[in-house]
Amino acid sequence: MADDGAAQPSPASTAPAGPCNGRLRRAAAGLLLGGGSSARFTWPVRLEPEPVRGEPARRGSVSPAARPSVVVRELRADDEDAWRALRQAENDRLAPWEATLPVGGGEVLSAFPVFVRRQARRARLGEAMPFVVEVDGALAGQVAVDPITWGATRSAQVGYWIGSTWQGRGIMRLSVALVLDHLLGPVGLHRVEINVRPENERSLALCRGLGLREEGLRRGYMHINGSWADHVSFAALAEEVHGPDGTGFQERLTRGS
Ligand SMILES: CC(C)(COP(=O)(O)OP(=O)(O)OC[C@H]1O[C@@H](n2cnc3c(N)ncnc32)[C@H](O)[C@@H]1OP(=O)(O)O)[C@@H](O)C(=O)NCCC(=O)NCCS
């Protein structure tokens, strides 16, 4: 199992350092980011759900005050102990969905602190956003936005996992909604993709529940749990969600539409 952070890290996130030094990398990224996009890109960011306004009190329903507090924030070096404990406890459950490195590529997994530093650097360059999900102050899972590409594509890929204590409570669906709204809104991306193995019923349900567009099967799309695996591709475009009539994913969830 990949031991360096996200459920589906891109090959770039585990690749050994390239020949460019920091200054050259920044210069290259500056060219890719182009005018305007870097000005909108802030890191770290903290995403929290909007409070639900005017919600009618129903008998037997959980009051908004009693709901768990969900925060999506940056992965930090001091998350290591909580992250490691959760990942070790959940290894068997997560392994079937984990990205792995194909043999023969010369790539190696990084230690947690190295991974966090590398991801933070990539986040500052606008290449990735390594988020964690915190529920009532406890680290509950991860949402990896990786890679982000600018230029003529302005797109990103998103992967995620959540610990079993919090699974099935709509927390990851809400977290992904917050991240998609952030990427397609303030960050200014045009397209976001989530790729899911056809056997992963929970993740398929999450994407369908969010109303993401299903674009078809990608054969051998990613190396998962030791072999190349087909993936169903889901996507959203900024104008579909945040255009003149768009409401955003979080609001869609709140409205139940
Ligand atoms: C995929 C994953 C993040 C989903 O998390 P979750 O907490 O179950 O997500 P949510 O509760 O927010 O919503 C999941 C959906 O699955 C549905 N679901 C719940 N139990 C299910 C089950 N046994 N089978 C199929 N769907 C199920 C829920 O009803 C919900 O659908 P809805 O939006 O139509 O109500 C979680 O299962 C996980 O971490 N899996 C392992 C890692 C992984 O697969 N990562 C994704 C790789 S693409």
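**Exercise 1.** Decide whether Phe112 is buried or exposed.

*Solution.* Start with the scale: buried means under 20% relative accessible area, exposed over 50%, and partly exposed in between (1.4 Å probe, protein chains only). Next, take the value for Phe112, which is 1% relative accessibility, so Phe112 counts as buried. Trp83 also has 1% relative accessibility, so Trp83 counts as buried.

A word on the source: this is a predicted model, where local features need pLDDT of at least 70, side-chain atom pairs count only at pLDDT 80 or more, and totals for chains, interfaces and linings use all residues. Residues are numbered from 1 along each chain as its sequence is written, and side-chain values use heavy atoms, leaving out hydrogens and water.

**Exercise 2.** Find out how many aromatic pairs the whole structure has, and classify the one formed by Trp83 and Phe112.

*Solution.* First, the rule: rings of Phe, Tyr and Trp (its six-membered ring) pair if their centres lie within 6.5 Å; planes under 30 degrees apart are stacked, over 60 edge-to-face, and the rest tilted. Searching the whole structure gives 2 aromatic pairs. For Trp83 and Phe112, the ring centres are 5.0 Å apart and the planes stand at 45°, so this pair is tilted. Finally, locate the partners: Trp83 lies in helix α3 (residues 80-94) and Phe112 in helix α4 (residues 112-124), so the pair links parts of the chain 29 residues apart. Helices here are DSSP runs (H or I, at least four residues), numbered from the N terminus.

**Exercise 3.** Work out which residue has its charged end over the ring of Trp161.

*Solution.* The test asks for NZ of Lys or CZ of Arg within 6 Å of the ring centre and within 35 degrees of the ring normal. Arg87 is the residue, with its charged end 4.7 Å from the centre of the Trp161 ring.

Note on methods: Helix = DSSP H or I, 4+ residues; strand = E, 2+ residues; numbered from the N terminus.
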